[in-house]
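Subject: Structure for you to look at

Hello,

Here is the structure I said I would pass on. Please open it and keep it in view while you read the notes below.

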Amino acid sequence: LLFDASIDFNTRLKAIQYQKGQMIEEGEVNMTTLELMEGWMSNIHGHLVKYDDKGGLLEYPRIIAIGSRGDKLTEQEKIEVKAKLDKCLRETSHDQKDKQYLQILKEIVIIDNTTSGKGSEEDIGYKYLRKEIYDFTSKKLVVRTPIKWVLFRKVLQSLVKKSENIITMRE
């Protein structure tokens, strides 16, 4: 679940559209970042969560909240944003039984978008996210593989030859 970590959670969202490559702002909408995140979390919880025989949550699905624009924040601000989001979500859901989606929030990660693909300079959050994606797709996701995915694998293999920063087959 992606959010802009550089803005306050209670700021009203801006309606933006792109026309012919130009960004056009159309003013604020009647929703905050926090409300939008809660809506998505509730939707994911309502559609995907499965319970075991004893009524407990199964291990998956889990949500990772990914804060972008970490390059605009200090390390202390990143810690504060994580704590504030966690607190906001817990306070909001405390009074409402139907918002049990917090049980599926696995982690809040704030990443520096400007370091993607820069090897040792890359934000450590990317390594964490790659590992989580790999673990989920290789150990938990059990689906028949569409032919499109096989073709996509060939694209990934060509990226590996160009030394692009991706999850390798060995990883």
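Buried means under 20% relative accessible area, exposed means over 50%, and partly exposed is in between. Arg69 has a relative accessible area of 38%, so Arg69 is partly exposed. Please keep in mind that this is a predicted model.

Salt bridges

How many salt bridges does a search of the whole structure find? The search finds 8 salt bridges. In general, side chains of opposite charge can pair when their charged atoms come close.

One of the salt bridges joins Arg69 to Asp4, with the closest N and O atoms 3.3 Å apart. Arg69 sits in the loop between strand E4 (63-68) and helix H2 (75-94), while Asp4 belongs to strand E1 (residues 2-4), so this pair ties together parts that are 65 residues apart in sequence.

Asp8 has a relative accessibility of 32%, so Asp8 counts as partly exposed. Lys84, at 34% relative accessibility, also counts as partly exposed.

Arg12 and Glu35 meet through their side chains in a salt bridge as well, at 3.6 Å from N to O. Because Arg12 lies in strand E2 and Glu35 in helix H1 (residues 33-48), the pair ties together parts that are 23 residues apart in sequence. Arg12 counts as partly exposed, at 34% relative accessibility. Glu35 counts as partly exposed too, at 37%.

There is also a network of salt bridges, and this network links Glu75, Lys78 and Asp123.

Around Asp123

Where does Asp123 lie? Asp123 is in the loop between strand E5 (105-110) and helix H3 (124-140). Is Asp123 buried or exposed? With a relative accessible area of 13%, Asp123 is under the 20% limit and so is buried.

Leaving aside residues up to four places away in sequence, Asp123 touches Lys78, Ile110, Ile111, Asp112 and Thr115.

The side chain of Asp123 has a polar atom 2.7 Å from the backbone nitrogen of Gly125. A polar atom of the Asp123 side chain also lies 2.9 Å from the backbone nitrogen of Asp112. Gly70 is 53 residues away from Asp123 in sequence, and the two are 9.2 Å apart in space, C-alpha to C-alpha.

The aromatic pair

A search of the whole structure finds 1 aromatic pair. The pair is formed by Phe3 and Phe9 and is tilted, with 5.7 Å from centre to centre and 50° between the planes. Phe3 is buried, with a relative accessible area of 4%. Phe9 counts as buried as well, at 3% relative accessibility.

The second largest pocket

The second largest pocket has a volume of about 540 Å³. Which residues are the closest to its centre? Of the 21 residues that line this pocket, they are Asp4, Ile7, Leu13, Lys14 and Thr33. Asp4 is the residue that forms the salt bridge with Arg69.

The elements that give two or more residues to the lining of this pocket are E1, E2, strand E3 (22-32) and H1. E2 gives the most to the lining, with 6 residues. Strand E2 is also where Arg12 lies.

Regards

Note on methods:
Residues numbered from 1 in each chain as written. Predicted model: local features only at pLDDT ≥ 70, side-chain atom pairs only at ≥ 80, totals over all residues. Heavy atoms only, no water. Helix = DSSP H or I, 4+ residues; strand = E, 2+ residues; numbered from the N terminus. Buried < 20%, exposed > 50% of the residue type's maximum accessible area, 1.4 Å probe, protein only. Contact = heavy atoms within 4.5 Å. Polar contact = N/O pair within 3.5 Å; in protein donor to acceptor, adjacent residues only side chain to side chain. Salt bridge = Lys/Arg side-chain N within 4 Å of Asp/Glu carboxyl O. Phe/Tyr/Trp six-rings, centres within 6.5 Å; stacked < 30°, edge-to-face > 60°. 1 Å grid on protein atoms, 1.4 Å probe; cavity = no way out; pocket = protein on both sides within 12 Å on 5 of 7 lines; lining within 4 Å. Points joined across faces, edges and corners; volume = space filled by probe spheres on them.
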